[in-house]
Amino acid sequence: MPKIGQYRNYGKTFKKPRRPFEKERLDGELKLVGEYGLRNKRELWRVQMILSKIRNAARNLLQHDEDDPKRLFEGQALMRRMYKYGLLNETQDKLDYVLALQPNDFLERRLQTVVFKQGLAKSIHHARVLIKQNHIRVGKQVVNIPSFIVRVDSQKHVDFSLTSPFGGGRPGRCKRKNAGKGGAGNAEDDE
């Protein structure tokens with residue numbers, strides 16, 4: 001029998017809420033899951049855990065003096081990361097702004113949301129399907145992970161992949177099948 005315990009991830013990626021049946025929290029989570037087209041609440045809890053780690057780091061840095069080298073060095077690194085991912089803009093240059101971040105700020109930067117906001121998909125759910133079916137690329141790289149966090153500099157490079165029928169690749173299965181039947185003339189007249 002093979003050893004199963006050999007390859008195991010020990011770091012948790014999400015944290016369940018302490019009170020599982022709190023009505024206000026349940027309603028808020030359901031609203032966010034629907035608004036951003038998440039698969040389940042675990043995706044939301046994952047974002048909340050990332051946010052709590054970042055806010056915790058900012059809180060620890062704020063405990064140091066203003067001119068402390070650790071606070072200056074690590075604070076600037078944290079702020080650079082926030083700018084790079086578009087969570088804060090350049091005018092928000094204090095660590096206090098990091099503490100004010102909400103899960104919505106992270107969910108806005110997901111590839112799924114960016115694809116929908118750019119008009120490449122008809123709905124947020126359609127955006128998820130396009131991403132999972134390898135129709136979307138960021139730069140030259142095809143990305144099939146809806147939770148991919150899009151950086152500010154690569155946001156303008158989000159587009160249909162070159163092999164996708166939407167991006168000028170070869171037509172899809174149904175269109176090829178109809179073209180073989182002789183229905184291609186009708187299809188071209190419609191377009």
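Q: Which elements do the buried residues of α7 pack against?
A: The buried residues of α7 pack against α1, α2, α6 (111–117), β1 (136–138) and β3 (158–160), where contact means heavy atoms within 4.5 Å, and helices (H or I, at least four residues) and strands (E, at least two) are DSSP runs numbered from the N terminus. The model is predicted, with pLDDT of at least 70 needed for local features and 80 or more for side-chain atom pairs, whereas totals for chains, interfaces and linings use all residues. Numbering starts from 1 along each chain as its sequence is written, and side-chain values use heavy atoms, without hydrogens and water.

Q: Which residues of helix α7 are called buried, and why are they placed on the same side of α7?
A: In α7 (residues 124–132), Ile124, Ala127, Arg128, Leu130 and Ile131 are buried, that is, under 20% relative accessible area with a 1.4 Å probe and protein chains only. They lie on the same side of α7 because they cover an arc of only 165 degrees around the axis, taken from the directions from the helix axis to the C-beta atoms.

Q: What makes up the largest nonpolar core, and which members touch the most others?
A: The term covers buried Ala, Val, Leu, Ile, Met, Phe, Trp, Tyr and Cys residues joined through side-chain atoms within 4.5 Å; here the largest such core has 21 residues, of which Leu78, Met82, Leu88, Val98, Leu101, Phe106 and Leu107 touch the most other members. α2 gives the most to this core, with six residues. Apart from this core lies another, of 14 residues, among them Val114 and Ile136.

Key. Buried means under 20% relative accessible area, exposed over 50%, partly exposed in between (1.4 Å probe, protein chains only).
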